[in-house]
Amino acid sequence: MDETEFWELVDASREAAEGDPEEQADQLVERLLRLDPDSVLDFARHFESRYNRAYRWDLWGAAWLLLDGASDDAFDYFRCWLIGQGREVFEGALHGDPDSLADLLDDFDEEIDGDGEELGYAADEAYEQLTGDVAPDLGIPPAPAEPEGTPVDFENESALAERYPRLWQRFKE
């Protein structure tokens with residue numbers, strides 16, 4: 001499975017779920033069950049590598065603003081959700097600037113959006129259903145022990161407003 005096929009599966013599942021993250025995970029599992037186990041593992045590698053790349057302080061700051069606070073677990077689930085938003089949103093947040101999420105996200109409902117925990121398990125669930133076995137180690141480097149970049153002071157509202165002016169204006173003012 002190449003990167004384009006990975007993103008096509010993500011996009012198709014999101015569109016079928018009409019943006020609901022839990023339904024998207026179910027849709028994704030259904031689509032992965034149509035593949036062979038090796039392709040499911042390829043999907044898992046693509047997902048996990050993007051999940052690890054998103055382990056960054058600047059992105060955690062954006063999640064903090066969008067979610068009105070983000071614990072370790074909440075940030076983990078946010079990264080899964082961010083992948084589920086598709087290539088344009090994911091890459092825009094990582095390669096552009098996390099503050100660009102203010103422009104990249106059409107709507108954001110903190111009650112529904114931002115938590116893609118189930119998306120993180122979709123490939124494992126599909127693999128287990130296909131094979132009856134737990135997915136093996138993916139053979140990719142582990143996530144760093146600490147987020148990359150400069151830590152963000154989540155409690156300093158003026159620093160957050162300065163660092164994320166568009167997110168602050170859209171979601172905090």
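**View A. S100 sits in the loop between α6 (87–96) and α7 (101–104).** This is a predicted model, where local features need pLDDT of at least 70, side-chain atom pairs count only at pLDDT 80 or more, and totals for chains, interfaces and linings use all residues. Residues are numbered from 1 along each chain as its sequence is written, and side-chain values use heavy atoms, with hydrogens and water left out. Helices here are DSSP runs of H or I with at least four residues, numbered from the N terminus. Is S100 buried or exposed? With a relative accessible area of 13%, S100 is buried (buried means under 20%, exposed over 50% and partly exposed in between, using a 1.4 Å probe and protein chains only). Setting aside neighbours within four places in sequence, S100 touches G92, A93 and R166 (contact means heavy atoms within 4.5 Å).

**View B. Helices α3 (residues 37–53) and α8 (residues 122–131) pack together.** Their angle is about 165° and their axes are 9 Å apart (axes are lines fitted to C-alpha atoms over the stretch in contact, and angles run from 0 to 180 degrees between N-to-C directions). The crossing of α3 and α8 is left-handed (the near helix is turned anticlockwise from the far one by less than a right angle; clockwise would be right-handed). On the α3 side you'll find P37, V40, L41, F43 and A44, which meet A123, A126, Y127, L130 and T131 of α8. That contact has 9 nonpolar, 1 polar and no charged residues (Ala, Val, Leu, Ile, Met, Phe, Trp, Tyr, Cys and Pro count as nonpolar, Asp, Glu, Lys and Arg as charged, and the others, Gly among them, as polar).

**View C. Helices α1 and α2 cross at roughly 130°.** Their axes come within 8 Å. That angle makes α1 oblique to α2, and their crossing is right-handed. L9, V10, A12, S13, R14 and A16 of α1 make the contact with Q24, Q27, L28, R31 and L32 of α2. Sorted by class, the α1 and α2 contact has 6 nonpolar, 3 polar and 2 charged residues.

**View D. E18 has a positive phi of about 50°, though it isn't a glycine.** Most residues other than glycine have a negative phi. Look for E18 in the loop between α1 (3–16) and α2 (21–32). At 74% relative accessibility, E18 counts as exposed.

Terms used: Helices (H or I, at least four residues) and strands (E, at least two) are DSSP runs, numbered from the N terminus. Angles under 35 degrees count as roughly parallel, over 145 as roughly antiparallel, 65 to 115 as roughly perpendicular and the rest as oblique.
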